[in-house]
Amino acid sequence: MHTIESLLGLLIQISVPVFAIASMLSMGLRTPLRAFRNQLRDRRTVFSVLGANFVVVPAVGTLIIWILNGLLPYQTGEGFIIALCAAGAPFVLQLGAMARIPYGETAGPMAVLLLGSIVFMPLVVPFVLQDVEVDGWAVARLLLGTMLSPMIAGIVIAAVWPKRSDRFARFAGSVAAVSAVLMFLSGFGSNTGLVLSLVLSPAILVAVGLVAIAFVAGRISGDLAGDTLTVDDGPAILTSQRNIAAALLVARTGTGDSSIVVAILLLSAVGFVMLVPYALASGVIRRRRAGERATLGVLLGVVGPKSD
């Protein structure tokens with residue numbers, strides 16, 4: 001049993017950086033540089049999305065966690081706070097495809113949020129979690145090396161070899177998907193008792209509430225956004241799904257406590273369970289209104305839409 005737990009612990013140490021690198025490389029390969037330029041020009045959208053993700057969600061979420069901290073298991077609240085500070089999840093691109101949101105309206109804001117996380121997390125996480133040892137400079141180096149650099153590499157590769165970029169992106173996306181599955185299996189598998197205790201505790205309700213608060217904050221930011229966003233609930237999906245890769249990377253620069261890692265995985269899993277049905281339902285409604293055939297492949301974002 002000890003050997004299995006050691007192997008699972010090693011697997012999560014490998015799968016987390018692989019997931020971060022592969023997902024950001026895939027995102028860079030699929031996102032043209034003009035998407036970033038167009039998004040940055042819309043200052044109203046940039047400020048509304050940044051405000052929701054780096055002011056409202058971390059502040060309100062942290063306040064709630066501090067109030068309810070006595071109800072949460074050991075260091076679960078710390079894991080939730082780290083996740084709330086991490087924005088710009090690559091999986092948002094897939095959720096956007098499910099919900100029939102134009103690619104640029106998810107890729108552009110997601111890239112802005114990723115850059116914001118690289119600046120925000122090294123400064124805020126060590127300040128908020130003073131009882132957890134987190135090296136801000138180490139966090140910055142890690143995020144730059146495993147998230148920003150692969151994204152830039154993907155953009156450059158797509159510009160140099162545009163005809164091969166889609167093939168490279170599919171391969172990187174497959175690697176990211178496999179590593180994500182291994183990441184959850186190893187993280188939960190090596191801490192089965194802790195996972196069960198969290199699921200059976202108020203922590204699961206707190207996680208649901210935090211995702212709901214993030215969704216509402218994102219929805220309001222969508223109403224306040226500029227003309228580049230045509231789908232109002234796009235920022236809601238973008239804000240609700242926190243950047244699990246960045247959060248886990250930051251968590252592992254500190255104490256590496258398993259309870260913090262499991263809490264981050266739990267919050268991400270809760271967000272996944274809540275957002276995927278919403279995105280699929282939204283996608284079905286929008287495709288029917290547009291007269292498109294809502295096949296399973298189209299709904300999952302695997303193939304492009306088919307018109308009747």
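This is a predicted model: local features need pLDDT of at least 70, side-chain atom pairs count only at pLDDT 80 or more; totals for chains, interfaces and linings use all residues.

Q: Okay, so at what angle do the axes of α12 and α13 cross?

A: Roughly 170°, with the axes of α12 (residues 244–253) and α13 (residues 258–289) coming within 10 Å. Angles over 145 degrees count as roughly antiparallel, so that is how α12 and α13 run relative to each other.

Q: Which residues make the contact?

A: From α12 you have Ile244, Ala247, Leu248, Ala251 and Arg252, and α13 puts in Ile260, Val261, Ile264, Leu265 and Ser268.

Q: And how does that contact split by class?

A: Eight residues are nonpolar, one is polar and one is charged.

Q: Switching topic: how many salt bridges does the structure hold?

A: Three. One of them joins the side chains of Asp166 and Arg170, at 3.0 Å from N to O.

Q: How far apart are Asp166 and Arg170 in helix α8?

A: Four residues, which means about one helical turn along α8 (residues 165–189).

Q: Last thing, the surface. Which residues make the nonpolar patch?

A: Ile152, Val156, Val160, Trp161 and Phe168, covering about 460 Å². Helix α7 (residues 136–160) gives the largest share, three residues, and Val160 sits in that helix.

Technical notes. Residues are numbered from 1 along each chain as its sequence is written. Side-chain values use heavy atoms; hydrogens and water are left out. Patches are made of residues with over 30% relative accessible area and no salt bridge: like charges are joined within 9 Å, nonpolar side chains (Val, Leu, Ile, Met, Phe, Trp, Tyr) within 5 Å. Accessible areas come from the Shrake-Rupley method with a 1.4 Å probe; for residues, only the protein chains shown count as cover. A salt bridge is a side-chain nitrogen of Lys or Arg within 4 Å of a carboxyl oxygen of Asp or Glu. Helices (H or I, at least four residues) and strands (E, at least two) are DSSP runs, numbered from the N terminus. Axes are lines fitted to C-alpha atoms, for helices over the stretch in contact, and angles run from 0 to 180 degrees between N-to-C directions. Angles under 35 degrees count as roughly parallel, over 145 as roughly antiparallel, 65 to 115 as roughly perpendicular and the rest as oblique. Contact means heavy atoms within 4.5 Å. Ala, Val, Leu, Ile, Met, Phe, Trp, Tyr, Cys and Pro count as nonpolar, Asp, Glu, Lys and Arg as charged, and the others, Gly among them, as polar.
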